Amino acid sequence: MKHFSAEAGDEVVPWHATAQRVAQTLAQTAVERDQRGGTPKAERDLLRGSGLLMLSVPTELGGLGASWQQTLDVVRGFARVDSSVAHLFAFHHLLLATTQLFAQRGQWQPWIEQTRAQRWFWGNALNPLDKSTRAQAVDGGYVFSGRKSFCSGASDSDMLLASALDANDRLLIGVVPTGRAGIAVQGDWDNMGQRQTDSGSVVFDGVRVETNELLLDPGPLSTPFACLRPLLAQLILANIYLGLGEGALEEARSFTLQQGRPWLFSTASAANEDPYVLTHYGDFWLALQGARMLLDHAAAAFDQAWLRGTSLDEHERGQVAVAVAAAKVASTRASLEVAHRMFEVTGARATTAALRLDRYWRNLRVHTLHDPVDYKLRELGDWALNARVPQPSFYS
């Protein structure tokens, strides 16, 4: 199973080999780091040095000029071997995109340029469901105070996207250095899956946020183009899910071919010839293949919408939302099924703690709870029955 699509048109993309090398390096320590948890400092520095933190940035801004479909393909390749680092890498690009969607070029371009020059790694403290952080107006800006949860990648980040509610409950989103006075990353993430995403909490204690650091023009979810932000976030999640499913299938395949044994009552001479084993693998392949096709279609549609820029209209955005919702549901279902049922084709010996093959299910189960898949199905049902596209929100 190949890790990345090696071609863009007929030309081999120059960053492809770098992405492959990074994935191979991540794979070497993924099992041990899953057990350890905490911040993957060496792996984050590997990404800083690789240049891939500029993957989605256009070449005219000093980036590598990859399309979103190509960027997501790299995310998926990383997720096959290490979904935590894939998550951090993908959210970095999501946060860069957020500044471009919610602000004017004169505001976000200097941040992009500094990201290249300083090798900044961006972290997330934007959680619109967490309303515990408040913004108090002061001369020239605001002061953020409170505790924000699910702050993926905040540890060892250079810049943070942070949100708070003002006195009128208006959502404010600011870009601030992680090292600014009053910001304390707690390092309290200790969940059963995605153990190296540092998705714990950040405390803001009177943090000054200047007006020119706030994303106000056009602002969050204010235009059809700005409303592409949640669709990119959903595409990122779906590609991580599919990468985990593909990684689980590859691990199961390797185990079956190298260590599998036919069951006592099987007429097959080897596990890989057993008809029941073959049936399971057929199910696995079919489910992942269908999800992969839906994801690739959704990513291509997203790229077209991104290129439309501020000319994008509500109907066009809605069509992308339907494609993304379908891909999200399919990748969730397929990958959870493979990660759960892979033990039916590997057997009891595959449950040894040394292999930690359960990490695929654990990572999927934690990550797929980001937002309920039932609500994606409701959106798809509303589209199929009533021809109504999903309404924009931070989750649709």
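Predicted model: local features only at pLDDT ≥ 70, side-chain atom pairs only at ≥ 80, totals over all residues.

**Cavities first, then the surface and the strands**

By the rule I use here, there are three cavities of 30 Å³ or more, where a cavity is a set of points, on a 1 Å grid over the protein atoms alone, at which a 1.4 Å probe fits but cannot get out. Grid points are joined across faces, edges and corners, and the volume is the space filled by probe spheres set on the points. Rolling a probe the size of a water molecule over the atoms shows where empty space is left.

Residues are numbered from 1 along each chain as its sequence is written, and side-chain values use heavy atoms, with hydrogens and water left out.

How much space lies in the largest cavity? The largest cavity holds about 140 Å³. It is lined by 15 residues, of which Ala30, Asp34, Asp82, Ser83 and Asn363 are the closest to its centre; a lining residue has an atom within 4 Å of a point. The elements that give two or more residues to this lining are α1 (16-36), α3 (68-81), α4 (83-102) and α10 (359-367). Helices (H or I, at least four residues) and strands (E, at least two) are DSSP runs, numbered from the N terminus.

Let us turn to the surface, where Trp263, Leu264 and Phe265 form a nonpolar patch with about 470 Å² of accessible area together. Such areas come from the Shrake-Rupley method with a 1.4 Å probe, and for residues only the protein chains shown count as cover. Trp263 sits in the loop between α6 (229-259) and α7 (275-308), and it counts as exposed because its relative accessibility is 64%. Here buried means under 20% relative accessible area, exposed over 50%, and partly exposed in between, with a 1.4 Å probe and protein chains only.

Now for a pair of strands: β6 (residues 159-165) and β7 run antiparallel and are joined by seven bridges, and two strands pair if DSSP finds at least two bridges between them. Within this pair, Leu160 stands opposite Val176 in β7. Is strand β7 (residues 171-177) mostly covered or mostly open? It is mostly covered, with five of its seven residues buried. The hairpin of β6 and β7 has five residues between the strands, and there Asp169 takes a positive phi near 60 degrees.

Two further residues deserve a look for their backbone angles. Arg119, in the loop between α5 (105-118) and β3 (122-125), has a positive phi of about 55 degrees although it is not a glycine. Phe150, in the loop between β5 (141-148) and β6, likewise has a positive phi, near 55 degrees, and at 51% relative accessibility Phe150 counts as exposed.

Finally, a cis peptide bond, with omega about 10 degrees, joins Asp217 and Pro218, and Pro218 lies in the loop between β9 (202-210) and α6.

Methods: Patch = residues over 30% accessible without salt bridge, like charges linked within 9 Å, V, L, I, M, F, W, Y side chains within 5 Å. Salt bridge = Lys/Arg side-chain N within 4 Å of Asp/Glu carboxyl O. 1 Å grid on protein atoms, 1.4 Å probe; cavity = no way out; pocket = protein on both sides within 12 Å on 5 of 7 lines; lining within 4 Å.
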